[in-house]
Structures are given as C-alpha cells and as structure tokens.
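Let's take a walk through this protein together, one side chain at a time. Keep the viewer open as you read.

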Amino acid sequence: MNVLSVDNLEKNLGERILFSNLNFGLSKGDKMALVAGNGTGKSSLFKIIAGQDIPSEGEVVFRNGVRYGFLPQEPDFSAFDTVNDVIRFGHTQIQEVIDAYHQALETSDQNPKMLEQAMARMDELNAWDYERSLTELLHKFEIRDLNQPVETLSGGQKKRLSLAMTLLDEPDVLLLDEPTNHLDIEMIEWLEGYLIKSGQTIFMITHDRYFLENVCDTILEMHQGKLYVHKGNYSFFLQKRAEREEVRRIEIEKAGKKVKTEIDWIRRMPKARGTKSRARIQRFEDTQAIAKSGSKEAELKLGVKMNRIGGKILELKKVYKAYSDLVVLKGFDYTFKKGERIGIVGPNGVGKSTFLNILTGKVLPDSGKVNQGETVIFGHYTQSGLQFKPDMRVIDVLKEYAEVIELADGSKLTASQFLNHFMFPPDMQYNPVSKLSGGEKRRLHLMTVLIKNPNFLILDEPTNDLDLITLNKLEDFLLDFPGCLIVVSHDRYFMDTLVDHLLIFEGDGKIKDYNGSYQEYKDEKELQEKQEKSEEVKSDWKQNKPQDEKKKLSFKEKFEFEQLGGEIEKLESEKKELETAMQNPTDDFDQLRQQSERLTEVMKLIDQKETRWLELSEFES
C-alpha cells in the first residue's frame, strides 16, 4: 500500500504548463529520486506534495497517520528572530508533544489520564531523546550560536539548519529538495550513510550522482511530459534510458522512411475518400507525428577558443594568510604546471574560496609571493554567481563581454547564436535575467566566464543548481579543456571525473598534497582508519585481558583460528560480488533489496570475525 499517492497532478503558471497528468506513488521504505531538467517544475512539485503550493489539477494523498518532513531548496526563516526561535517555535510536532507532556505533568494529580496519553505520544514520536538528538545534529551541521540573528545567516547556514530540523523530526516520509547543496563532502557522506541506514520513505531531488547511486532504489524520470519509473539505482536508470532512446531513435528513423512513401500515396489519392482511405490518412498523420518528434534537443557546446599558455604559469612562495583566528595558508609553496587538473577538498570555513581569490589577485596574502605568468588568463567561476541589474536582458549580459565569439575551430558565433548553443533559445534571450531559474542563471554565469577565452579555469562550486544534462555536458567540455583547471566542489562524481590531483585543506593552514582522485583518497583514508581501529581494539584488549590469561590456544580455539582466515576471505569475496551486482541491478526489486540486506549482514560478520581473529592471534605462536 502506498504511503503517498500523486494522482493526475498538473501545475500551470499562466499559459505555461510546468507539468501535467503526473501519477505515481511511494511505498513504505522506498528511496526514490526525481530526475528532470531545469525548468520542468521539480521544486514546484515538491512544494505541492508538502502542502506549500496548490496544484492546478489533481491531488496528493498521504495515508492516514503518515508524518512527512519537507526540506525546501531555499529555506525561509524570515518569521523568526534568532536560531533559537527557529528551534523553539518553528519545529512544530515534536515540540508540541513535549510541551503537552510538561503541561500534563504539572496537572497530573487532577488528570492522570492526560499524563498517560502525553507519555504514550512521547513514546510514539521517540521524543524523550529530543534534546540529545538536537544537540548532536546541530553540532554535526556546525550550528553553534543559537542566539545568532536569522537575518545574518548565510544561504548555506539556513540550509543546514533546515536539514537538521527536518531530520530531527524523524518523519515517516522525507521530501528533500537538493539536500547536498551547501554541504561539504564530509557532511554529504554522513548524510548519505544516514539515509542508507534509515527505514524512512525518501523522495528527493538531487544532482549528486553518487547520492543517486548509493542511496536510491528507484529513479522517477520526468522527460518531455512523460514519467518513467526505473526500479534500481542511477546506473540502472542510465542503462534503461539509453535503451529507450535507442528504441525511440529506430522508431523515428522507420517512421521517417514510411512518411516519404505515404506522402506519394496522399498526392496520388483520388478526391473521393472512403473509409479505408480515411483510416490510412490517420495512420499517416500518426506516423508523421512520430517522425517529427525526433527533433534534436538543445545541446550545451562549450568549444571556445583558448589563448596559448606559456611556460611560466603560477607560482606561490611561502604564502601566509589569516583572518583573526582563521589561518588559511601557513607558508604555502606550490608551482602550477601546464595542464594540471586539481581538486580542492576540505570542510566549509577553512578558506578554500579565499585561496582561489589569492591565486587570481582579488585578495592579497599577508606575506609571501604570488608570481603569475604573463600569458595566464583566468576564468573564475564564483559561488556568488552573476551580478546583474534586475531589468537587464539575457542577451545584453553576454554582449557586455563580446558581440562575437571565436570558437576553437576558427569559426565565429554571434552572441545570440552562442546563447542558443547554451540552451537559451531566441524566445528566452530577450527576457529579463531576473526571470531565469537558479540553474539558468548559473549557466549564463558560466558563459560570461568562458567567452573571455581563459587558459586557467577556476570553478568554485560550479555544480549547484545545474541539472544532470548540463552537468554531463560541462564535464565533456572540461575533459577536453587543455589549460589548467582548479575545481572546488562537493560533487564527488564531478571531482572524480575531472581531477587527478588534490589539495586537501585540513584547517589551521595545513594543506595536504595528494596525487590521485577523490575516491582513491577516500579509500586510502578508510583503510587507514580501519587499521588504526584494529590496532586500537588490539591494544585495548591487551590492556584489559586478565592477568592469568592462558598463553596457548586450546585445540578447539586453534581449529577456530585456522578456519577464520578462510571464512573472512570468503566473506570479503561475497561482499565484492554483492557490491558489483548492486551496481548493475536487474528489474527484480525484491532481489535488489535482498542483496542490500545481505551486504549489511556480510559487513557485520567480517567485523566480528576480524575482531575474533585478532583475539586468537595473540596466543598463536
């Protein structure tokens, strides 16, 4: 039975139809993501489901007793003065239950039944642990000053506060609109693990492809007004979409050939039209509609001409930078080489954006030297986005930089043609920039960076608000970009695709130089942590074991010790097989769930057997 049903949903904005005839449902425990391009009304759909907007047609129905929590893409806390007010008055259900319990406690002598009911409600919502859970989540999301005025919070702080409050409620259904935006990689990985283990029903919008791959078991694709349900993770969705597009391509190709034959028949057909003729004409019109549906979608083409970069690029010598207690750089040395592709990794607030501004000369170091080559032309894509006058038209923004753009092959495009390549058709080019969506503004911002013909690209969180189509096209361009590239991004898939070298900001001015991808760094770090944990367990066991502990294994223990090695090896092999199978799932959803449950069980068994092996190894000579 569905915990959520969406029936014949439609949303119109004036004459523009965002979506229509949407029908789908979520069952208990589903982890579903909605995949669609920018401008298709994804966020509007989530607001309607969460009761914050009204559909033009249709309805949304939650099963009786089901509680839901909604994380909007842009949280609004304008009704509150401080962070503490948001926590106290903005968190409705659990706080109301706690308040009701305290009131019942005060009048328990006169009305013991009310106290009994209040305690039952506290049990139902697991509200007894509220204060501890609240403290842990606020700390996890770096929300420490509860007296801070809400109006001084950054967009990222508001998103983290909203996420903490949404998770704290532990609702039956989580509606998450871009939950990874403004989170650093460490927080994203924590959230990913939390949602994987959670038994909650989850419906989300996200462009984070590792998130889609690891968390979701169902992908709901909205494409050209139709919904496609894929029971599997992101890899499965890509496979099925490619198969569908290939079938569609063949169908369109056949229809095109058939139309030519039918046109000849229509021209030769006598004016008197019988029933058979009318039926054939209808078939012709249907076939023609299929053939015309094969019009190519707009593509993102970024092959702008790059100025040649010289031998000397950029050199930093003994660079120091600090703001009060925040130390960004402490004697940093680095020489950038031609064609380098570097990823910048580190938690929020350690100074990554400041470092980029030092490279481009926007911020001066406290001491040290930044030597820039004469041929270096920076293209700096910033988090702050595009600054524009409210009434400025899209085409005028681009014309401020160039009327004509020269491409890598020597050909030239007008500003209008270039916009069209960037999926801004002519009817959008004369609209005010203020009417663009967040993703469209970022795409336009990217254009203003690229038309300067940079040979040193610096991209600071370029993936926020971009849909998956745009992200894939951007990656294609950057893979062929011959200049230097620096990327700061919380999108792990984006980083792994593009960079092969990391500068890891560890805080207090410490920067680790790591030669490898982010996934390689993560795997190495996890292995190191596992080894340290094993050593810690081993050390604790040695210290706490009884003094009269026997020095040799019994026959039974020796046999157990010999068997453990093979058992661990078999379990590790099964773990790899399960992980591989889940990366390439079948249509059988029950099988996918069984594989996931077995993988959790296998990992637990490996930990138990490794711990036991360590214990017995102490006595094995």
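**A guided walk through the model**

We can begin with a cysteine: C484 has a relative accessibility of 1%, so it counts as buried, the cut-off being under 20%. Please bear in mind that the model you are looking at is predicted. C216 is buried as well, with a relative accessibility of 6%. If you are wondering about disulfides, a search of the whole structure finds zero.

Next, find helix α16, which covers residues 468-480. Its 13 residues, at 1.5 Å each, should span 18 Å, and the C-alpha atoms at its ends are 19 Å apart, which agrees.

Now move to strand β10, residues 314-323, where you will find K321. Is this lysine, K321, buried or exposed? With a relative accessibility of 9%, K321 counts as buried. What does its side chain meet there? A polar atom of the K321 side chain lies 3.1 Å from the backbone oxygen of L364, and the K321 side chain also makes a polar contact of 3.3 Å with the side chain of D366. Leaving aside residues up to four places away in sequence, K321 touches a set of residues including L326, V327, V328, L329, T354, I358, V363 and P365.

The aromatic residues deserve a stop of their own. Across the whole structure, a search finds 17 aromatic pairs. In one of them, the rings of F62 and Y68 have centres 4.5 Å apart and planes at 15°, so this pair is stacked. F62 is buried, with a relative accessible area of 18%, whereas Y68 is partly exposed at 35% relative accessibility. For Y518 and Y521, the ring centres are 6.1 Å apart and the planes are at 55°, so that pair is tilted. These two tyrosines, Y518 and Y521, sit three residues apart in helix α18 (residues 518-544), which means about one helical turn separates them. Both count as buried: Y518 at 5% relative accessibility and Y521 at 12%.

Elsewhere, F332, Y334, F336, F355, F378, F456 and F505 form one aromatic cluster. To finish, look at two arginines: R244 lies over the face of Y228, at 3.7 Å from the ring centre, and R443 lies over the face of F424, at 5.0 Å from the ring centre.

Terms used. Residues are numbered from 1 along each chain as its sequence is written. This is a predicted model: local features need pLDDT of at least 70, side-chain atom pairs count only at pLDDT 80 or more; totals for chains, interfaces and linings use all residues. Side-chain values use heavy atoms; hydrogens and water are left out. Helices (H or I, at least four residues) and strands (E, at least two) are DSSP runs, numbered from the N terminus. The expected span of a helix is 1.5 Å times one less than its number of residues. A disulfide is a pair of cysteine sulfur atoms within 2.5 Å. Buried means under 20% relative accessible area, exposed over 50%, partly exposed in between (1.4 Å probe, protein chains only). A polar contact is a pair of N or O atoms within 3.5 Å; within protein, one must be able to donate a hydrogen and the other to accept it, and residues adjacent in sequence count only if both atoms are side-chain atoms. Contact means heavy atoms within 4.5 Å. Rings of Phe, Tyr and Trp (its six-membered ring) pair if their centres lie within 6.5 Å; planes under 30 degrees apart count as stacked, over 60 as edge-to-face and the rest as tilted. A charge sits over a ring if NZ of Lys or CZ of Arg is within 6 Å of the ring centre and within 35 degrees of the ring normal.
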